[in-house]
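Me: Could you take a close look at one helix-helix packing in this model for me? I'd like the geometry, the residues that make the contact, and a bit of the surroundings.

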Amino acid sequence: MSITPLALLKSQLNLDHDLDDALLTHHMNVAEEWIGAFVGKPFADHDPVPASMTHAVLLLASYWYSQREAASFGVSTQAVPFGVFDLLRPFRDQVTGHVPE
């Protein structure tokens, strides 16, 4: 179950119908899982969820909704849309391998 409101994603995409609600919810769930894996802490464990993390969900979910193919001719495709890493970097658990003595 997604924490991000479906209405917020629909506003991001300028959608005023409910034909793709299941697909949009799926994309938000995947985005929240991806973000949890990237930062090292489940998305739901952030209470309250920072606005920048919610924005990253909107960017990921809307990108995956509009860019549904793995490759496209004449269009630049990327796995993660511009800005997502920058939004999430402050929340990421840094692992350096250093063990303090």
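Reply: Let's start with handedness: a crossing is left-handed if the near helix is turned anticlockwise from the far one by less than a right angle, and right-handed if clockwise. By that rule, helix 1 and helix 3 cross in a right-handed way. Helices here (H or I, at least four residues) and strands (E, at least two) are DSSP runs, numbered from the N terminus.

Some bookkeeping before going further. This is a predicted model, where local features need pLDDT of at least 70 and side-chain atom pairs count only at pLDDT 80 or more, while totals for chains, interfaces and linings use all residues. Residues are numbered from 1 along each chain as its sequence is written, and side-chain values use heavy atoms, with hydrogens and water left out.

As for who touches whom (contact meaning heavy atoms within 4.5 Å), helix 1 brings Leu8, Leu9, Gln12 and Leu13, and helix 3 brings Thr54, Leu58, Leu59, Ala61, Ser62 and Tyr65. Sorted by type, the residues of this contact are seven nonpolar, three polar and no charged. Nonpolar covers Ala, Val, Leu, Ile, Met, Phe, Trp, Tyr, Cys and Pro, charged covers Asp, Glu, Lys and Arg, and the others, Gly among them, are polar.

Serine 62 of helix 3 is worth a stop. Leaving aside its neighbours within four places in sequence, serine 62 is in contact with Leu9, Gln12 and Leu13. Serine 62 is buried, at 11% relative accessible area (buried is under 20%, exposed over 50%, partly exposed in between, with a 1.4 Å probe and protein chains only).

Asparagine 14, by contrast, is exposed at 70% relative accessibility. Asparagine 14 sits in the loop between helix 1 and helix 2, and its phi is near 55°, positive in a residue other than glycine. In the loop between helix 2 (21–39) and helix 3 you'll find proline 48, joined to aspartate 47 by a cis peptide bond with omega about 0°.

Zooming out, the protein has four helices and zero strands, and 33% of its 101 residues count as buried.
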